[in-house]
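Thanks for coming. Please look at the screen.

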Amino acid sequence: MTESDDVKTKSSPSKPIAELSELYKIFKQGQNEVMALKNINLKIYPGELVVIMGPSGSGKTTLLHVIAGITRPSAGNVTVNDLKVEKLKDEGIQDLLQNHIGMIFQFFNLIPTLTATGNVEMPMIVSKMPKIQRKERVQYLLKEVGMIERANHRPFALSGGEKQRIAIAQAFANNPELILADEPTGNVDSISAEKIMQYFKKALVDNPEKAMIIVTHDIVFRKIADRTLILRDGEIIKEYGRFSQDELDTQKNAKISDQIGEITHKHEQTQALINGKHDHLFFEDIIQCPKCGSKEILKAYDKEAGALFTHNQQIITRMSIACLKCSEITYHYAGIYNIKKDLHQPHD
Ligand SMILES: Nc1ncnc2c1ncn2[C@@H]1O[C@H](COP(=O)(O)OP(=O)(O)O)[C@@H](O)[C@H]1O
Ligand SMILES: [Mg+2]
């Protein structure tokens with residue numbers, strides 16, 4: 001279960017949906033200049049799901065906005081679907097956002113006076129889709145995101161996760177080639193986050209001609225990502241490929257005893273737990289990267305991979321840690337519980 005650095009992009013797809021070359025963005029505020037993007041070079045191919053992670057202020061939102069034409073780059077080129085984005089006039093940007101790019105934001109951006117149906121329908125009205133077709137597509141999209149029962153609710157009557165699912169349906173309304181999502185699970189509970197993640201994955205399987213760029217702090221997205229880019233101070237400092245099939249298979253198929261064997265072999269902390277040296281290790285205790293010691297880390301409780309049953313009827317939960325300094329992703333196995341007694345207890 002080692003983390004591999006090799007970058008496996010999909011094999012020789014002919015033409016990227018989006019291409020960024022030598023892209024810079026400098027924000028000027030009075031005397032101050034902030035280089036929000038620095039020499040970004042990136043190609044996104046059909047069928048790809050690319051995850052972008054990085055600390056606050058590293059340029060993630062700026063990157064999405066430059067791709068979408070919302071922010072003009074200071075230098076460099078952005079091509080989306082053969083359109084030279086940095087050269088587009090207002091009408092061209094409108095067309096881009098209306099028909100070629102679907103955007104999803106952290107705070108949903110729904111129109112409060114419209115129902116779920118109205119919100120999903122809106123982009124299709126703007127693009128003059130015939131009514132019958134529109135109604136059918138709204139039904140289809142609401143079904144896809146599991147929100148058909150909430151079709152007539154307005155945003156205030158929906159939970160964060162439900163609002164986000166409506167926003168996702170809306171982003172897909174005009175069948176855009178490229179989906180850009182900015183922290184789509186930043187304001188939803190973990191069960192909704194899981195659903196949203198699964199929906200993104202399914203949408204891409206169903207529409208392999210599309211591509212998605214998802215900015216997130218949620219490390220579980222790495223499971224569905226073809227590539228994960230780590231952004232820092234406006235630069236892509238590291239790129240990870242897919243979770244290897246080996247890794248997924250190990251998680252799914254390996255006998256529990258095998259897994260424990262492997263884990264205990266590799267992870268001193270887990271060994272300590274199993275040997276009874278500690279009762280619990282809380283993830284909150286882990287405050288720095290085990291490799292370089294940096295305290296700039298992202299932590300996520302890894303839900304699917306999280307519960308490993310040991311032979312003594314206990315579970316170990318798994319935490320992923322991404323270091324934003326040296327970019328290592330490491331795993332911690334911690335928190336032993338008695339299955340019968342504590343299974344439903346949160347780990348902290
Ligand atoms: N409109 C703006 N004017 C000035 N500075 C900005 C503007 N937008 C972003 N920045 C700066 O650019 C950097 C990157 O910001 P942002 O792309 O929002 O980062 P992230 O989404 O990774 O948190 C930050 O230093 C931020 O303060
Ligand atoms: Mg941001």
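Helix 5, residues 160-171, packs against helix 6, residues 190-206, with an angle of about 15° and 9 Å between the axes. Angles under 35 degrees count as roughly parallel, and helix 5 and helix 6 are therefore roughly parallel to each other. The crossing of helix 5 past helix 6 is right-handed. On the helix 5 side, the contact is made by Gly-161, Gln-164, Arg-165 and Ile-168. Helix 6 contributes Ser-192, Lys-195, Ile-196, Tyr-199 and Phe-200. As a reminder, an α-helix has 3.6 residues a turn, so residues three or four places apart point the same way.

Next, helix 3 and helix 4. The angle for this pair is about 130°, and the axes are 10 Å apart. Helix 3 and helix 4 are therefore oblique to each other. Here too the crossing is described as right-handed, with helix 3 passing helix 4. From helix 3, the residues involved are Thr-117, Val-120, Glu-121, Met-124 and Ile-125. They meet Arg-134, Lys-135, Arg-137, Val-138, Leu-141 and Leu-142 in helix 4.

Staying with helix 3, how many of its residues are buried? The count is 8 of the 11 residues in the run 116-126, so helix 3 is largely enclosed by the rest of the structure. The buried ones are Ala-116, Thr-117, Gly-118, Asn-119, Val-120, Glu-121, Pro-123 and Met-124. What do they pack against? Their partners are helix 2 (90-100), helix 4 (131-144) and helix 5. After helix 3 comes Lys-128, with a positive phi near 60°.

That brings me to backbone angles. Most residues other than glycine have a negative phi, and most peptide bonds are trans. Asn-81 is not a glycine, and its phi is positive, near 55°. Asp-82, also not a glycine, has a positive phi of about 70°. Asn-81 sits in the loop between strand 4 and strand 5, the latter being residues 83-84. Asp-82 is placed in the loop between strand 4 and strand 5 as well. As for accessibility, Asn-81 is partly exposed, at 27%, while Asp-82 is exposed, at 57%.

Now two buried loop residues. Thr-71 belongs to the loop between helix 1 (60-68) and strand 4. Is Thr-71 buried or exposed? Its relative accessibility is 15%, so Thr-71 counts as buried. Setting aside residues up to four places away in sequence, Thr-71 touches Lys-25, Phe-27, His-65 and Val-66.

The other is Ile-224, in the loop between strand 8 (211-215) and strand 9 (227-232). Ile-224 is buried, with a relative accessible area of 11%. Beyond four places in sequence, Ile-224 is in contact with Leu-49, Met-197, Phe-200 and Lys-201. Leu-49 and Ile-224 are 175 residues apart along the chain, yet their C-alpha atoms are separated by 7.4 Å. Phe-200 has already come up, in the contact between helix 5 and helix 6.

On cysteines, a search of the whole structure finds 0 disulfides. Cys-289 is buried, at 4% relative accessible area. Cys-292 is partly exposed, at 36%.

For the chain as a whole, the secondary structure comes to 11 helices and 14 strands. Of the 348 residues, 51% are buried. Among contacts with a separation of 6 or more, 67% are between residues 24 or more positions apart.

Last, confidence. The mean pLDDT of the chain is 78, and 72% of the residues reach 70 or more. Where is confidence lowest, and where is it highest? The lowest mean is 35, in helix 8, residues 256-266, and the highest is 97, in strand 4, residues 75-80. Over residues 277-282 the pLDDT stays under 50, and the model has 14 contacts beyond four places in sequence for that stretch. Residues 335-348 are also below 50, with 34 contacts in the model beyond near neighbours in sequence. Where pLDDT is low, the predicted coordinates should not be read in detail.

That is what I have. I will take questions now.

Notes
Residues are numbered from 1 along each chain as its sequence is written. Chains are lettered from A and ligands numbered from 1 in the order in which they are written. This is a predicted model: local features need pLDDT of at least 70, side-chain atom pairs count only at pLDDT 80 or more; totals for chains, interfaces and linings use all residues. Side-chain values use heavy atoms; hydrogens and water are left out. A disulfide is a pair of cysteine sulfur atoms within 2.5 Å. Buried means under 20% relative accessible area, exposed over 50%, partly exposed in between (1.4 Å probe, protein chains only). pLDDT is the predictor's confidence in each residue, from 0 to 100. Helices (H or I, at least four residues) and strands (E, at least two) are DSSP runs, numbered from the N terminus. Contact means heavy atoms within 4.5 Å. Axes are lines fitted to C-alpha atoms, for helices over the stretch in contact, and angles run from 0 to 180 degrees between N-to-C directions. Angles under 35 degrees count as roughly parallel, over 145 as roughly antiparallel, 65 to 115 as roughly perpendicular and the rest as oblique. A crossing is left-handed if the near helix is turned anticlockwise from the far one by less than a right angle, and right-handed if clockwise.
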